[in-house]
Amino acid sequence: MTLNKKIFFAVGPFAVAALFIVALLYSPIDFIKDPSDEKVYEAASSMSVNVLKGSEIKRQAMESGKYLPFFGSSELSRVNPFHPSVLAKKYDRSYEPFLLGAPGTQSLTHFFMLNSVKKPLENKKLVFIISPQWFVKKGVSDPMYSLFYSPIETYEWLVDLDETDKTDQYVAGRLLEFESVKSDTQLKKILLKVKNGEELSQSDRRKAYYKYKRLKNEDLLFGQIGIVSKNKRIDKQVTELPNQYNFDELDTLAYKIGHDKTDNNPFEISNSFYSNRIMPMKGKLKNSQKNFNYMSSPEYGDFEAFLELLDKNNIDAMFVIPPVNKLWSDYTGLSTEMLDNFSKKINYQLKSQGFNNVVDFTNKRGEKYFMEDTIHIGWRGWLEMDTYLQEFLKSKQKPDYKMNPELFYSKEWQTKDYQ
């Protein structure tokens, strides 16, 4: 066998496979199958980065009608017997929670995730958990936004644009603040036009479409790799609950579990969190948060963009505002007055625009075992939230939104010390 033939047989199969993959990625025709029901089920509890950054699994889930989206961040990862996914499974609810968030996801990421599934969610419902600590002076950090930045969802948003409105201009301006976005020179040029309210050319639209199409095929090919569901953890927690739902009985159980799980510290923080996260640096944390302020942040504008999407697609939302563990905030010096003012400000932004399904737990900060650690909803908190959720899902009242983007996208509102 000649040297050339040896090289061909050694390299040829890989070259053919590579060419085949490239052809699939750039094909204008959809040859690749949608995710299976089993894969969607695994993804629903996974909170995997590739699921959050992709679009096809989320779209498939929402089109099925089986899943209720829960938008949030790190609290969704804390699976205990009263987590929404556990309660839904144990008591055979009509929905399966699809967890759309992870530590570090905030309103701008949520905007693009919702935009990617807005059509199947028209006239439906979702849950959104607002974390006060998102609303820091500079909003979501560049590294954290970059971790969850989704090119496919960004290009999908651009492909759908017709005439740009105030929300589109705001979102484009925010995207241009992040290095992961600006590094795409083609995208940067298009975003600058959107930010300035300029009409996109046919060339811009064509480039955006072909980029979106390639990213969609890439998502279908590779977006299902490495998904690790939390279903085994959920199944284990299901066994901890009684067979019949009774709130008082469950609340007593939640109190007992919370008591047993927090007995190594004076803050009613879960033992593992305290040992692994607090103890190594405890001495440095006393009064460390006395200057924290959640009243001035671009996050208020990012949050408004999410609200605008709800309005445009007639989606009904239940908003949950978790408290901060009072024992912990007293230790770190985090101002309860500031947290109360944050609650008033975010409630005004919501309710003045017709978003009236607000479950505000701010004043539950001192309730025993309501929290699992410093800022995350825990045993009794999840259980109480569930009672509001069931009423929300039963309600037939249609949303009646009255949006005020002029105010809520303004720097004045984003920096206003609301009292």
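This is a predicted model: local features need pLDDT of at least 70, side-chain atom pairs count only at pLDDT 80 or more; totals for chains, interfaces and linings use all residues.

Trainee: Okay. Which hand is the crossing of α9 and α16?

Mentor: That crossing is left-handed. The two helices, α9 (residues 166-175) and α16 (residues 299-312), have axes that come within 10 Å and cross at roughly 140 degrees.

Trainee: And which residues make the contact?

Mentor: From α9 you have Thr167, Tyr170, Val171 and Arg174. On the α16 side, Gly301, Asp302, Ala305, Glu308 and Lys312 take part.

Trainee: How do the residues of that contact divide into nonpolar, polar and charged?

Mentor: Three are nonpolar, two polar and four charged.

Trainee: Now α14 and α19: at what angle do they pack?

Mentor: About 155 degrees, with the axes 8 Å apart. Helix α14 covers residues 247-261 and α19 covers residues 379-394. Angles over 145 degrees count as roughly antiparallel, so α14 and α19 are roughly antiparallel to each other.

Trainee: What meets what there, between α14 and α19?

Mentor: α14 brings Phe247, Leu250, Asp251, Ala254, Tyr255, Ile257, Gly258 and Lys261, and these meet Trp379, Arg380, Leu383, Glu384 and Thr387 of α19. By type, the residues of this contact come out as seven nonpolar, two polar and four charged.

Trainee: Switching to strands. What order do they take in the sheet?

Mentor: β2-β1-β3-β4-β5, five strands in an open sheet with parallel pairing. The edges are β2 (96-101) and β5 (358-360), each of which pairs on one side only. From one strand to the next, the twist averages 20 degrees.

Trainee: How many bridges are there between β1 and β2?

Mentor: Six, in the parallel sense, with β1 being residues 67-72. As an example, phenylalanine 71 has leucine 100 in β2 as its bridge partner.

Trainee: Which helix lies across β1 and β2?

Mentor: That's α4, residues 56-64, which runs at about 150 degrees to β2.

Trainee: Last one: where is lysine 138, and is lysine 138 buried or exposed?

Mentor: Lysine 138 sits in the loop between β3 (125-129) and α7 (142-148). Its relative accessibility is 71%, and exposed means over 50%, so lysine 138 counts as exposed.

Trainee: How far is lysine 138 from proline 298?

Mentor: In sequence they are 160 residues apart, but in space lysine 138 and proline 298 are 6.5 Å apart, C-alpha to C-alpha.

Methods: Residues are numbered from 1 along each chain as its sequence is written. Side-chain values use heavy atoms; hydrogens and water are left out. Axes are lines fitted to C-alpha atoms, for helices over the stretch in contact, and angles run from 0 to 180 degrees between N-to-C directions. Helices (H or I, at least four residues) and strands (E, at least two) are DSSP runs, numbered from the N terminus. A crossing is left-handed if the near helix is turned anticlockwise from the far one by less than a right angle, and right-handed if clockwise. Contact means heavy atoms within 4.5 Å. Ala, Val, Leu, Ile, Met, Phe, Trp, Tyr, Cys and Pro count as nonpolar, Asp, Glu, Lys and Arg as charged, and the others, Gly among them, as polar. Two strands pair if DSSP finds at least two bridges between them. Angles under 35 degrees count as roughly parallel, over 145 as roughly antiparallel, 65 to 115 as roughly perpendicular and the rest as oblique. Buried means under 20% relative accessible area, exposed over 50%, partly exposed in between (1.4 Å probe, protein chains only).
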